[in-house]
Amino acid sequence: MEKFFKDALKVSIASLVISITLYVVLITFFLLSVVTANIFGTVIKIIVPILILVTILGFIYSFFIKGKQKIPFLTLHFVSLCALSFGIYLAVSFQGFAP
């Protein structure tokens, strides 16, 4: 495990894979939320904090990547953080409109 966390590129790649997987799970549960609205709320409460932590971890580790791969990983993690922040903003903004 120590070798894994010492290699910034491996941590950043793992973080991106986990983030994409969690986004797919969120979208899948959102599309199925017509039937199971209570489960979607529970999944949001569990997945979003994990997604925030994983993305921030990957973003921080992206600064320690050496070579040409640094910029794409920084950009991908930054876009992920922006998408997550915008989604949270929309959820808080439209919270009063939900029935």
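Which helix gives the most to the lining of the largest pocket? The answer is α4, with 7 residues. Let us build up to that pocket step by step.

**Before we start**

This is a predicted model, in which local features need pLDDT of at least 70 and side-chain atom pairs count only at pLDDT 80 or more, while totals for chains, interfaces and linings use all residues. Residues are numbered from 1 along each chain as its sequence is written, and side-chain values use heavy atoms, with hydrogens and water left out.

**The overall build**

The chain has 4 helices and 0 strands, which gives the pattern α-α-α-α when you read along the sequence. Here helices (H or I, at least four residues) and strands (E, at least two) are DSSP runs, numbered from the N terminus. Taken along the principal axes, the C-alpha atoms fill a box of roughly 50 × 25 × 15 Å. Of the 99 residues in the chain, 27% are buried. Buried means under 20% relative accessible area, exposed means over 50%, and partly exposed is in between (1.4 Å probe, protein chains only).

**The largest pocket**

Rolling a probe the size of a water molecule over the atoms shows where empty space is left. The largest pocket holds about 650 Å³ of space. Its lining has 15 residues, and the closest to the pocket centre are F40, I44, V48, G87 and A91. A pocket is an open set of points on a 1 Å grid over the protein atoms alone, with protein on both sides within 12 Å along at least five of seven lines; lining residues have an atom within 4 Å of a point. The volume is the space filled by probe spheres set on the points, which are joined across faces, edges and corners.

Helices α2 (8–31), α3 and α4 each supply at least two residues of this lining. By kind, the lining divides into 13 nonpolar residues, 2 polar and no charged. In this count, Ala, Val, Leu, Ile, Met, Phe, Trp, Tyr, Cys and Pro are nonpolar, Asp, Glu, Lys and Arg are charged, and the others, Gly among them, are polar.

F63 itself lies in the loop between α3 (37–62) and α4 (70–93). Why does F63 count as partly exposed? Because its relative accessibility is 43%.

I27 lies in helix α2 and counts as exposed, because its relative accessibility is 52%. L22 is also placed in α2, but L22 is buried, with a relative accessible area of 14%. T55 sits in helix α3 and is buried at 0% relative accessibility. L74 belongs to helix α4 and is buried, with a relative accessible area of 15%.

How far apart are some pairs in sequence and in space? The table gives C-alpha to C-alpha distances.

| Pair | Apart in sequence | Apart in space |
|---|---|---|
| I27 and A8 | 19 residues | 28 Å |
| L22 and V92 | 70 residues | 20 Å |
| T55 and S85 | 30 residues | 11 Å |
| L74 and F63 | 11 residues | 7.1 Å |

How values were computed:
1 Å grid on protein atoms, 1.4 Å probe; cavity = no way out; pocket = protein on both sides within 12 Å on 5 of 7 lines; lining within 4 Å.
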